[in-house]
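Let's take a walk through this structure together. Have a look at the sequence and the model, and then we'll go from one spot to the next.

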Amino acid sequence: MVAVMGVMASPGLVEASSATKLGLGSSFVSKGARLGSLTRSLSLGASRRLVPGSVSLAQGSSGGSNRLGVRNAVSTELFSKISDDDYAENFRPPHITDIFDVPARPSTFCAKTSLPLPEGRTSNPRWSTNLGKMFVHEDDRVLLKTIKYASPGSAGAECVDRDCNFQHQWVARAGPRSKIYFDPAEVKAAIVTCGGLCPGLNDVIRQIVLTLDCYGVEDIRGISNGYRGFFEENLHDIPLSRKIVQNIHLEGGSLLGVSRGGARTTDIVDSLEKKGINMLFVLGGNGTHAGALAIHNECHKRGKKVVVVGVPKTIDNDILLMDRTFGFDTAVEEAQKAINSAYIEATSAYNGVGIVKLMGRQSGFIAMHASLASGQVDVCLIPEVNFTLNGPEGLLQHIQYLLETKGRAVICVAEGAGQDLMASLSKDTDASGNPILGDIGVHLTKEVKNHFKNIGVPADVKYIDPTYMIRACRANASDRILCAVLGQNAVHAGFAGFTGITVGLANNHYVLLPIPEVIAYARNVDPNSRMWHRCLTSTGQPDFL
Ligand SMILES: Nc1ncnc2c1ncn2[C@@H]1O[C@H](COP(=O)(O)OP(=O)(O)O)[C@@H](O)[C@H]1O
Ligand SMILES: O=P(O)(O)OC[C@H]1O[C@](O)(COP(=O)(O)O)[C@@H](O)[C@@H]1O
Ligand SMILES: [Mg+2]
């Protein structure tokens with residue numbers, strides 16, 4: 001059980017001593033922000049699930065404090081003492097045998113051949129001799145966090161008590177098990193891709209199909225256009241095989257198509273039942289995984305032996321507990337072309353200003369990493385950090401200063417940044433419930449042009465929006481490897497009987513995580529993180545507040 005204990009606010013832990021020109025001080029997030037998310041997760045947490053990342057005293061990686069709107073110092077008895085056992089319980093991936101009485105059988109996975117097994121055989125005799133130690137032990141675990149912080153005030157510290165005691169957060173290791181819970185001949189597998197596009201979707205689809213094939217599964221289908229493909233009459237399933245997927249990774253997009261909206265769990269599970277699907281692979285982000293969890297719960301409620309396994313897809317990299325999600329690396333790399341173009345335009349023009357907008361609805365990871373990587377960005381703006389346009393500390397004044405001192409300015413802005421600066425802030429949402437954002441790139445461009453026009457200084461402002469070009473491209477080599485391992489591990493997890501889980505790269509190892517742990521809230525850039533400070537060090541920008 002979780003025993004509540006108090007942690008008194010100690011301002012020294014979280015507030016920077018002095019606000020420097022670099023603005024590091026004001027970027028520190030208050031303890032209140034952190035506690036806000038813990039309180040939220042606990043009060044919402046019907047399942048008593050813990051969100052380990054949300055209990056830091058000194059770090060605010062869950063939604064910038066500006067988003068959570070909780071900046072007060074906290075002196076109430078809010079913190080929970082979380083034991084290693086609590087973590088073990090919360091990270092235990094749900095298993096089909098938790099609910100159904102299903103016998104284990106020897107694995108049919110054979111990585112070396114896709115040839116059908118000889119008549120009457122359920123296992124391949126070559127394993128023991130040829131494949132050596134290929135199976136993961138069911139008790140293998142990966143340590144999620146590896147740093148022992150000496151103080152809650154240490155950079156990036158995540159602590160659950162005032163002494164910052166080390167917590168063993170063990171999570172299940174991904175990979176093929178020697179025992180499986182499905183007869184491949186009886187498996188009807190389906191793959192669905194939801195939400196927005198992301199480089200690498202086809203790689204993951206391909207790897208799931210190839211791995212299913214290695215287990216001996218023949219009935220594999222793709223669901224068209226996301227969750228809608230389950231119930232929209234004009235959408236038809238796509239048969240999948242090793243041959244069909246062989247070269248799909250050479251193109252961006254999704255062979256199956258994507259969509260937003262259509263979170264009709266009952267209809268989806270009706271469709272699963274009708275089609276006899278018992279192994280469902282769901283590729284998508286936070287919303288998709290919420291849908292996958294609902295499907296998993298509904299299947300179990302109906303007594304259907306179905307495993308639901310997620311593969312996190314988010315170009316924004318906004319899923320908790322993972323080192324990175326596939327497509328992110330490619331996005332950062334593709335963004336370099338746009339930033340470099342903005343830089344060339346800005347440096348070649350007389351008083352040139354280059355503005356590049358990158359994706360990142362709530363999380364500025366792409367903008368932050370792309371800015372840091374490029375070394376050509378003077379100002380990086382992300383949703384997690386507020387800024388002002390006007391006044392002596394405002395962005396426009398700084399651009400003027402850059403033109404005076406460098407003769408150019410390059411701005412990289414995440415699409416979710418500065419939403420409060422636009423007059424007609426829309427409350428509309430897309431079909432999935434995501435906020436429809438104002439175009440901060442267009443707004444900034446207009447404001448910069450107006451500013452220089454008003455003060456009678458010529459400025460040549462160029463705006464580049466490469467967002468969909470970045471999202472639609474094929475994955476780079478590094479992401480393709482990530483996709484390969486995640487896709488393969490998703491199948492291993494399904495055959496091993498895990499359900500309501502997702503696969504991920506955590507602390508450089510491949511792991512299985514219960515879905516609620518990764519979607520408790522969107523992962524954000526922590527304005528107090530070392531990475532954001534590195535970005536600020538590189539750009540040299542002030543804090544604009
Ligand atoms: N809370 C939710 N519960 C169930 N399904 C959801 C939920 N949020 C979104 N979905 C569904 O998941 C799919 C993808 O969601 P979306 O937010 O567009 O993309 P992403 O999965 O990348 O976050 C959509 O079909 C949407 O209707
Ligand atoms: O135009 P669309 O399809 O709504 O996509 C735009 C959104 O897609 C994203 O790239 C990723 O969103 P998802 O993770 O929900 O797919 C966001 O950064 C962006 O706001
Ligand atoms: Mg979403």
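**A walk through the model**

G327 is buried, since 31 other C-beta atoms lie within 10 Å of its own. The cut-offs go like this: 20 or more other C-beta atoms within 10 Å make a residue buried, 12 or fewer make it exposed, and anything in between is partly exposed, with C-beta atoms placed from the backbone. Before we go on, note that this is a predicted model, in which local features need pLDDT of at least 70 and side-chain atom pairs count only at pLDDT 80 or more, while totals for chains, interfaces and linings use all residues. Residues are numbered from 1 along each chain as its sequence is written, and chains are lettered from A and ligands numbered from 1 in the order in which they are written.

Back to G327, which sits in the loop between β11 (307-312) and α11 (328-348). Helices (H or I, at least four residues) and strands (E, at least two) are DSSP runs, numbered from the N terminus. Setting aside neighbours within four places in sequence, G327 is in contact with C198, P199, G200, K313, I315, A475 and D479; contact means that the C-beta atoms, placed from the backbone, lie within 7 Å.

D316 is found in the loop between β11 and α11 too. The UniProt annotation "active site", from an unreviewed entry, covers D316; UniProt positions are given in the numbering used here, feature names are shortened, and annotations may be inferred rather than shown by experiment. D316 counts as buried because it has 29 C-beta neighbours inside 10 Å. Beyond four places in sequence, its contacts are M359, G360, R361, S363, F365 and I366.

Now for the ligands. Which residues come nearest to ligand 1? Of the 21 around it, they are G195, G285, G287, G291 and S432. Being near here means that a residue's C-beta atom, placed from the backbone, lies within 6 Å of the molecule. Helix α10 (residues 286-301) gives the largest share of this shell, six residues. By class, the shell around ligand 1 has five nonpolar, 15 polar and one charged residues. For these classes, Ala, Val, Leu, Ile, Met, Phe, Trp, Tyr, Cys and Pro are nonpolar, Asp, Glu, Lys and Arg are charged, and the others, Gly among them, are polar. Ligand 2 is surrounded by 13 residues, the closest being G195, G196, G285, M359 and R361. Its shell has two nonpolar, six polar and five charged residues.

UniProt (unreviewed entry) puts the feature "binding site" at G196, R260, G261, G285, N286, G287 and T288. These residues are spread over 93 residues of sequence, yet they cluster in space, with a largest C-alpha distance of 13.0 Å. G196 lies in the loop between β7 (188-193) and α7 (201-215), and it is buried because 21 other C-beta atoms are within 10 Å. G261, in the loop between α8 (242-245) and α9 (265-275), is partly exposed, with 15 other C-beta atoms within 10 Å. Leaving out neighbours within four places in sequence, G261 is in contact with A431 and S432.

Next stop, helix α13 (residues 395-405), whose buried residues are L395, L396, I399, L402 and L403. They cover an arc of only 115° around the axis, so they are on the same side of α13; the arc is that of the directions from the helix axis to the C-beta atoms. An α-helix has 3.6 residues a turn, so residues three or four places apart point the same way. The buried residues of α13 pack against β12 (352-358), β13 (379-381), β14 (408-414) and α14 (440-454). On the face turned away from the buried side are the exposed residues E404 and T405.

Finally, the sheet. Nine strands form an open sheet in the order β4-β5-β17-β16-β11-β10-β7-β8-β9, with mixed pairing; two strands pair if DSSP finds at least two bridges between them. At the edges are β4 (141-143) and β9 (238-239), each pairing on one side only. Strand β8 (residues 219-223) pairs with β9 in the antiparallel sense over two bridges, and R221 has P239 in β9 as its bridge partner. In total, the protein chain has 18 helices and 17 strands, and 53% of its 545 residues count as buried.

How values were computed: Two residues are in contact if their C-beta atoms, placed from the backbone, lie within 7 Å.
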